[in-house]
Amino acid sequence: MSDKRQRARVQGSWAKPLHKAQQPTVSAKDVQSGSWKYGPRSFEFNQPDPIREIPAEKLIENAGDYEISQGPTGVSRLRLIPGFLQQEEADWMFSKLLTELPWSQKTNFRMMGDAYEEPRLTCWYGELPYTYSRSTMEANAQWPPVLSSLRLAVEQKSGHTFNSLLCNLYRDGKDSIGWHSDSEPSLGPQPTIASLSLGDTRVFSLRKQPLPEDNGDYSYVERIRIPLAHGTLLLMEGCTQEDWQHQVAKEYHDRGPRINLTFRTIYPEPESPSWRSVR
């Protein structure tokens, strides 16, 4: 055999293909719903949580009775009455109350005892004191005649009686009231609040209380906005204070002053109230 052929045979023997490693196979019985097993490792596939949609905010601006929710606690209702006071009467009422009521800035207290001033002015009328945000407004039974007449008109229109009035003055768009419910023990169960607006229009917002499993997360709750114009009366009835919160948020464009008169019924304070709402 020639040297050339001998070298070729030797080289060919070196160039034999390598044996491929045997790959494990996966049989049908190894594949189970929700998992795939390959060798010593196991991969679990879980179904994702369903996507929750954020409800669109609802707008209420027309006169009417609105049942905004119904649940285990009962029915929550709103009654919107634009033009409860005609323009001329509302103008006169606004000017008189703006200049003659004893407006002052109330000091409240947080859970840890820190004091802060409310971002609005208030005054109180009623034979009993009123406590909220760990601060008490003293009884004041000296109702001005104009407010007594207004109370009678609100009672006739609403079908409810009231013995107290919290007056709020929002001096401009920077004045506000945060999320809260009028649910102090002194208001009793399912209180009715009659709210009369005078002056510039401000947006009154409501949000539903979250479900227990949401652990206080308001991301997915129902929301409502109501522009309250000059002379408009809004009634909150039924379980609205238990199942919903409301606010008048700050606005960062020019707003004139607004007076909000909130008629309510107050009962003697419990001896040891367990909580107070914070605003």
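What we have is a predicted model, in which local features need pLDDT of at least 70 and side-chain atom pairs count only at pLDDT 80 or more, while totals for chains, interfaces and linings use all residues. Residues are numbered from 1 along each chain as its sequence is written, and side-chain values use heavy atoms, with hydrogens and water left out.

Let me begin with the sheet. Helices (H or I, at least four residues) and strands (E, at least two) are DSSP runs numbered from the N terminus, and two strands pair if DSSP finds at least two bridges between them. Five strands form an open sheet with mixed pairing, in the order E4-E16-E15-E18-E13. Strand E4 (58-59) and strand E13 (177-180) are at the edges with a single partner strand each, so one side of each has no neighbour in the sheet. Inside that order, strand E15 (residues 202-208) runs antiparallel to strand E18 (residues 244-248) and is joined to it by four bridges, with Arg207 standing opposite Gln245 in E18.

Next, helix H2. Buried here means under 20% relative accessible area and exposed over 50%, with partly exposed in between, using a 1.4 Å probe and protein chains only. Ala90, Met93, Phe94 and Leu97 of H2 are buried. Down the axis of H2, its buried residues fall within an arc of 100° (taken from the directions from the helix axis to the C-beta atoms), so they line one face of the helix. On the face turned away from that buried side, H2 carries the exposed residues Glu88, Thr99 and Glu100.

On a 1 Å grid over the protein atoms alone, a cavity is a set of points where a 1.4 Å probe fits but cannot get out, a pocket is an open set with protein on both sides within 12 Å along at least five of seven lines, and lining residues have an atom within 4 Å of a point. Grid points are joined across faces, edges and corners, and a volume is the space filled by probe spheres set on the points. The largest cavity holds about 150 Å³, and of the 18 residues lining it, Ile177, His180, His246, Asn260 and Thr262 are the closest to its centre. Strand E19 gives the largest share of that lining, four residues.

Finally, the largest pocket has a volume of about 270 Å³. Its lining has 17 residues, with Lys208, Gln209, Pro210, Leu211 and Glu222 nearest the centre.
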